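Please open the structure below in a viewer and keep the selection tool at hand.

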Amino acid sequence: MKILTFTGRTPSEALKKAKMDVNYNQMLHIDTKEIQKKSLGREPIYEIIMGIETDSTHETYQKTNTIPKDGRPLTQMSADVLYDISYAAKQISKIADVRDPIYGHQEQTPQNTFEPKELKEIKSEIAKLGDKVKIIQNMFWDEKAPDLESHIPSEFAEIYRLASQSGMNREHLDAIMRMTLEHMPFKMRENSATVKRYFQTILRKMVPVRLEATPSIGNKKVIMLVGPTGVGKTTSVAKLAARYSYLMQKKYKVGLIVLDTYRIGAVEQLMQYARMMKLGIETVVDPLDFGSALDSLKYCDYILIDTMGSSPYDRNKIEKIYECLDGNDAKYNIDVVLVMPSSIKYEDLKATYENFSSLNVDTLMFTKLDETRGFGNIFSLAYETKKPISYFSVGQEVPEDLVCASSDFLVECLLNGFNRSKA
């Protein structure tokens, strides 16, 4: 490495000289120091020390698909590159510690005294350099980077990594990335934060959501929750019942129907909730009794139905739920909500949906958002099936841990993780 020095009356002046003399993108900032203090009749002098590679190694860093002359593949060199980046980042931090004398401490040393205009120029250069460091770091985010990575500009590496690690289906992610690259204005690609905001906007527009609607006059809403065993259907029914009967602007009359007679504990749990909230409740053992149970609760504005948990591959139990729906004879319009845990991978979510789809699923509800860190699987299922999401369950508390679905909330979880304060 060849060491070059540049001097000026201010650090920004020295930096400008460096940019004029040598290709700035090929230089590594090493140090900035004051070599002559300002005094009466004498201007201060600052020195910037830069390093530049004298062999072809530096060019290798710039080309992501080439092999250096020493034979080492790029993935083996990434550690060395990141070490240099880390050192540069430390230097950036030192420069960024400069304070504006107007707003800083009263006791100032001469080396920290800069004109506001010059300080603004330095901060601008720091911001640009810091973003370049971030971009280069993300270029090496995974040694086994996907094939599409070689076609993605470096500015998009961070957002691609976040979405990929969230559990989003690879085909969906690649399709969305191609769409983003095709439509995003080049002006917006200059900053990684702008890229992330644009990507968030694209994702929000692709999440189907059903807004919560209240019963119209003279009509009632009948909602049936179906899904695998242990996903939280019974607790979700209790949350919805409390929401409709106590938390909304109008206190609606709510009735409960239990089809889950296989699990005595589930029946007892829901009956306890019904007693606490003073709700009507009916149990159904035979599908032929389902219509009568609905009629007995016809005075209610909402009728919530808890079904038996079933393995997605247990056709017999799913068939019994279908018999109840089929025996309704279209007398009541029943919304079928498929409840699934957010903590399983996309392939399992998709298999669950396909096996319960014979029940004519209307909306999706996801539980246990507080038990996972990846939410791309939820996005991919909604994107693939085009079925809207109605609710999220974010914990065990009744009724607090229930969130009406919104695309903003899901995308925020996907890219930044679940935050209970934003639920």
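The stops below visit a sheet, a helix and a single residue in turn. The model is predicted.

**The sheet**

Begin by selecting strands β1, β2 and β3, which form an open sheet in the order β1-β3-β2 with antiparallel pairing. The edges are held by β1 (2-8) and β2 (27-36); each has a single partner strand, so one side of each lacks a neighbour in the sheet. From one strand to the next, the twist averages 20°.

**Helix α14**

Move to residues 407-416, helix α14. How many of its 10 residues are buried? The number is 7, so α14 is largely enclosed by the rest of the structure. To display them, select S407, F409, L410, V411, C413, L414 and L415. These buried residues pack against α5 (157-165), α7, α13 (376-385) and β10 (389-393). Just after α14, select G417, where phi is positive at about 90°.

**A residue in α7**

Finally, select T194, located in helix α7 (residues 192-206). Is T194 buried or exposed? Its relative accessibility is 17%, and therefore T194 counts as buried, the cut-off being under 20%. Setting aside residues up to four places away in sequence, T194 touches M184 and M188.

Key
Residues are numbered from 1 along each chain as its sequence is written. This is a predicted model: local features need pLDDT of at least 70, side-chain atom pairs count only at pLDDT 80 or more; totals for chains, interfaces and linings use all residues. Side-chain values use heavy atoms; hydrogens and water are left out. Helices (H or I, at least four residues) and strands (E, at least two) are DSSP runs, numbered from the N terminus. Buried means under 20% relative accessible area, exposed over 50%, partly exposed in between (1.4 Å probe, protein chains only). Contact means heavy atoms within 4.5 Å. Two strands pair if DSSP finds at least two bridges between them. Axes are lines fitted to C-alpha atoms, for helices over the stretch in contact, and angles run from 0 to 180 degrees between N-to-C directions.
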